Amino acid sequence: FFFSAFFLHQKRKKKNKIGTHPFIQNNGKQTMSDNEGGADVDFNDDLFTCANSDVVTKYKIAADCVNAALAEVIKMIVPGKKIVEICVAGDKHLETECAKYYNKKVEGVKVEKGVAIPTCVSVNEQVSYNCPDMENKDVLEEGQAVKIDMGAHIDGYIAHQAVTIVCQKEGSNDKITGKQADVIKACVVAQEVAGRVLRPGKTTTDVSNAITKVAEDFGVHCVEGVLSHNMKRFAIDGNKVVLLKKTPEMKADDHEIALHDVFGLDIVMTTGEGKLSQKDEKETQVYKRALEKSYSLKMKASRGVFSDICNRFPSFPFAARNLEGLTAKAGLPECLRHDLLVPYPVLYEKSGECVAHVKTTILVMGKGNDRITKAVEMMQQDFSSEKSLQDAELVDLIAQPLKPPAKPRKKK
């Protein structure tokens, strides 16, 4: 849903035209995991979309959980704090918040809930998915641009978000200027623009084009390979894709935005060219089960770790450090060789370039869009950019509320 599809294209040198995902099959019908009987469930049915008020409630509770967890993680962005400690604490906050809700069984079935995206803390030209193992010693330094990415789900309904925070001493709020301020401000403005373009009747290409205009006005570039997917129950990467930057190697089908769509609107910009590379495969510590793949694993350690993944992480990305047993590391390579897992690599922009990442979850509703995660509101640092949005049409657009206020009811 972010760089993984793009990176796999680069690695395997195959054409990769984004338009469908393995979990989205038969016009939107999704095959559930084996422990749910393998039955086909059509999650396009109104029962499972935002046409159902109960579904909206679950999305908003998931958002409340990730908003509360992110607020706690932001407090940890201070010099000297170990990155892995922040990641572990973020996941614990997500679990604690989710544990407050839906603790009674529904028709005899326990409601699934918890981490949908493990907490990732990426620094400077690291772009995303930095989620190190417990042995990692890296600490934050003053002045670093820190990207925090995390997500939660309630009953499979997902809310996720990302922010960019500049690491400062505790209690300080120094003004952020120059290229770093430009790229962060561009991402924030792009969120405001894209969140208003993302309306029924518009297309995913319309959204991409609007984001590109924002980047041009701020003198920065969109990062290649960034995909904003629509989401459905237990599916974080649906088949409607807003491709942030079109290239000859990366294309996306154009889809019309529909009422009750839910999008993880993912915006990543850079002062560089936006061409990413991987430095060390060993840094990859986030994976997701590839539901369409099967293989009879040979090693006992591999069978053990894959069984653990299928039982505990059947649908969503997970951090490798959360796998059980000492044989987990020994078992992962065979799973990866046979494509049973999708890796989410740590990718880098060129050294010295400034990168920013802002992601929100948006519900496309009849009376306006609901931006249920609060990434934009949580970025309270003083970003002083001399650049601004120049496109007159977009300036007029963001002057309008994301969701018009409800009209007062007439007294009888």
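**Close-up views of a predicted model**

**View 1. Strands S6 and S7 pair in the antiparallel sense over 10 bridges.** Strands here are DSSP runs of E with at least two residues, helices are runs of H or I with at least four, both numbered from the N terminus, and two strands pair if DSSP finds at least two bridges between them. The model is predicted, so local features need pLDDT of at least 70 and side-chain atom pairs count only at pLDDT 80 or more, whereas totals for chains, interfaces and linings use all residues. Residues are numbered from 1 along each chain as its sequence is written, and side-chain values use heavy atoms, with hydrogens and water left out. Within this pairing, Asp149 stands opposite Ala162 in S7. Two residues lie between the strands in the hairpin of S6 and S7, where Asp155 takes a positive phi near 55°.

**View 2. Strand S6 (residues 145-154) is covered on both faces.** Of the 10 residues in S6, 10 are buried, meaning under 20% relative accessible area with a 1.4 Å probe and protein chains only. One side of S6 carries Ala145, Lys147, Asp149, Gly151 and His153, while the other carries Val146, Ile148, Met150, Ala152 and Ile154, and these residues are all buried. S6 also pairs with strand S4 (residues 113-123), again in the antiparallel sense, over eight bridges. In this second pairing, Lys113 is found opposite Ile154 of S6.

**View 3. Thr164 has its place in strand S7 (residues 157-166).** Thr164 counts as buried because its relative accessibility is 0%. Its side chain reaches the backbone nitrogen of His357 at 2.7 Å. When neighbours within four places in sequence are left aside, Thr164 is in contact (heavy atoms within 4.5 Å) with several residues, among them Ala145, Val146 and Lys147, which belong to S6. The other residues in contact with Thr164 include Ile184, Val355, Ala356, His357, Met379 and Phe383.

**View 4. Strands S5, S17 and S13 form an open sheet of three strands, in the order S5-S17-S13 and with antiparallel pairing.** Strand S5 (126-128) and strand S13 (277-278) stand at the edges with a single partner strand each, so one side of each is left without a neighbour in the sheet. Two bridges join S5 to strand S17 (residues 347-348) in the antiparallel sense. Gln126, whose place is in S5, has Tyr348 of S17 as its bridge partner. Gln126 counts as buried because its relative accessibility is 10%. Beyond its neighbours within four places in sequence, Gln126 is in contact with Val121, Lys147, Glu283, Val346, Leu347 and Tyr348.

**View 5. Five aromatic pairs are present in the structure.** In the pair shown here, the ring centres of Tyr287 and Phe318 are 6.3 Å apart and the planes stand at 40°, so the pair is tilted. Rings of Phe, Tyr and Trp (its six-membered ring) pair if their centres lie within 6.5 Å, with planes under 30 degrees apart counted as stacked, over 60 as edge-to-face and the rest as tilted. Tyr287 lies in strand S14 (residues 286-289) and Phe318 in strand S15 (residues 318-319), so the pair ties together parts that are 31 residues apart in sequence. Both Tyr287 and Phe318 are buried, and together with Phe313 these two residues form one aromatic cluster.

Definitions and conventions
Buried < 20%, exposed > 50% of the residue type's maximum accessible area, 1.4 Å probe, protein only. Polar contact = N/O pair within 3.5 Å; in protein donor to acceptor, adjacent residues only side chain to side chain.
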